[in-house]
Amino acid sequence: MRIDLSGRTAVVTGSSQGIGLAIATGLAAAGAAVVLTGRDPARLEDAAAGIDGEVRTVAGDVTTDEGTAALLAAVPDADVLVNNLGVFGARPALEITDDEWRRYFETNVLTAVRLTRAWLPGMRERGWGRVQYIASDSAVAIPAEMVHYGVTKTALLAVSRGFAKEAAGSGVTVNSVIAGPTHTGGVEDFVYSLVGRDVPWEEAQRTFMREHRPASLLQRLIEPEEIANMCVYLASPLASATTGGALRVDGGYVDAILP
């Protein structure tokens, strides 16, 4: 398959590292003009320097009105929106405060809703667009150690389906991507927090998968580029008949035929 996104502008939130950076890199390789977003200007510039293609950065906190306004002013129209920004962390369910619940919803859900609301109308008017939400296996198999994270990712599945209905018949597709346990810097810290730092990484990873994610058929962490491959496909004209879906790149972790 040849994927050509030349002439398209793609925005990836939370894209200075990890899955977001891998998605942005893949979209740029397919010819899209990519916009990286994040709070740290220096980290964004370092990320952009490693991408071969047309790329620019917009620094700011899009969980705030000011940060969102700055991004929309810098990028009035987008053809592809990948809502990747998210926070996660382990916390006993009974110890999660109201403020923490609000922070997770604001970051993981409401930011994606606001940006979709801003750019989807223009996509519909032009008759083409792609909106994606990076969800998680935790949306379907809620993890006991981070219920608040799982619930926000469940919400994204509903948000995605709802906006897909809003875009019906317009040439715009809206989908969510259910990412499985993925190898990023943040996940390394998470793994070590659960299994301890006194063992080599490969052993820590195997212990984590065996003890905390035993349902994985892949039996290893997924690499960010493997998530990105699905996102680049969904952003392309080749995925024109795929909308309202929850596409799994979870290594077979979710033990169900459908999400």
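This is a predicted model: local features need pLDDT of at least 70, side-chain atom pairs count only at pLDDT 80 or more; totals for chains, interfaces and linings use all residues.

**Entry 1**

I looked at the side chains of β1 (residues 9-12). Thr9 and Val11 point one way, while Ala10 and Val12 point the other way. Are these residues buried or exposed? All of them are buried.

I then followed the pairing. β1 and β2 run parallel and are joined by 4 bridges. Val11 stands opposite Val35 in β2. Further along I took β5 (residues 129-136) and β6 (residues 172-179), which pair in the parallel sense over 8 bridges. Ser136 stands opposite Ala179 in β6.

**Entry 1. α1 against α8**

I turned to helix pairs. Two packed helices are described by the angle between their axes and the distance between the axes. For α1 (residues 18-29) and α8 (residues 224-235) I read an angle of about 45° and axes 8 Å apart. The two helices are therefore oblique to each other. α1 passes α8 in a right-handed crossing. On the α1 side the contact uses Gly18, Ile19, Ala22, Ile23, Gly26 and Leu27. On the α8 side I listed Pro224, Glu225, Ile227, Ala228, Cys231, Val232 and Ala235. By class, this contact has 10 nonpolar, 2 polar and 1 charged residues.

**Entry 2. α4 against α5**

How far apart are the axes of α4 (residues 98-126) and α5? I read 10 Å, with a packing angle of about 15°. α4 and α5 are therefore roughly parallel to each other. Their crossing is right-handed. From α4 the contact includes Trp101, Tyr104, Phe105, Val113, Thr116 and Leu120. From α5 it includes Tyr149, Val151, Leu156, Val159 and Phe163. The class count is 14 nonpolar, 4 polar and 3 charged residues.

**Entry 3. α6 against α7**

I looked up this pair for its angle. The axes of α6 (residues 185-195) and α7 come within 10 Å and cross at roughly 70°. That makes α6 and α7 roughly perpendicular to each other. Glu188, Phe190, Val191, Tyr192, Leu194 and Val195 of α6 meet Trp201, Ala204, Gln205, Thr207, Phe208 and His212 of α7. I noted 8 nonpolar, 3 polar and 1 charged residues in this contact.

**Entry 4. Phe163**

I went back to Phe163, which lies in helix α5 (residues 147-166). Why does Phe163 count as buried? Its relative accessibility is 18%, and the cut-off for buried is under 20%. Leaving out residues up to four places away in sequence, Phe163 touches Val113, Thr116, Leu120, Tyr133 and Val174. I also checked Leu72, 91 residues away along the chain; the C-alpha atoms are separated by 19 Å.

Gln219 has a positive phi of about 60°, although it is not a glycine. Gln219 sits in the loop between α7 (201-212) and α8. Gln219 is exposed, with a relative accessible area of 63%.

Last, I took Val254, in the segment after β7. Val254 is buried, with a relative accessible area of 6%. Val254 touches Asp137, Val140 and Arg248, not counting residues up to four places away in sequence. Which distance separates Val254 from Ser216? They are 38 residues apart in sequence and 7.6 Å apart in space, C-alpha to C-alpha.

Definitions and conventions
Residues are numbered from 1 along each chain as its sequence is written. Side-chain values use heavy atoms; hydrogens and water are left out. Axes are lines fitted to C-alpha atoms, for helices over the stretch in contact, and angles run from 0 to 180 degrees between N-to-C directions. Angles under 35 degrees count as roughly parallel, over 145 as roughly antiparallel, 65 to 115 as roughly perpendicular and the rest as oblique. A crossing is left-handed if the near helix is turned anticlockwise from the far one by less than a right angle, and right-handed if clockwise. Contact means heavy atoms within 4.5 Å. Ala, Val, Leu, Ile, Met, Phe, Trp, Tyr, Cys and Pro count as nonpolar, Asp, Glu, Lys and Arg as charged, and the others, Gly among them, as polar. Buried means under 20% relative accessible area, exposed over 50%, partly exposed in between (1.4 Å probe, protein chains only). Two strands pair if DSSP finds at least two bridges between them.
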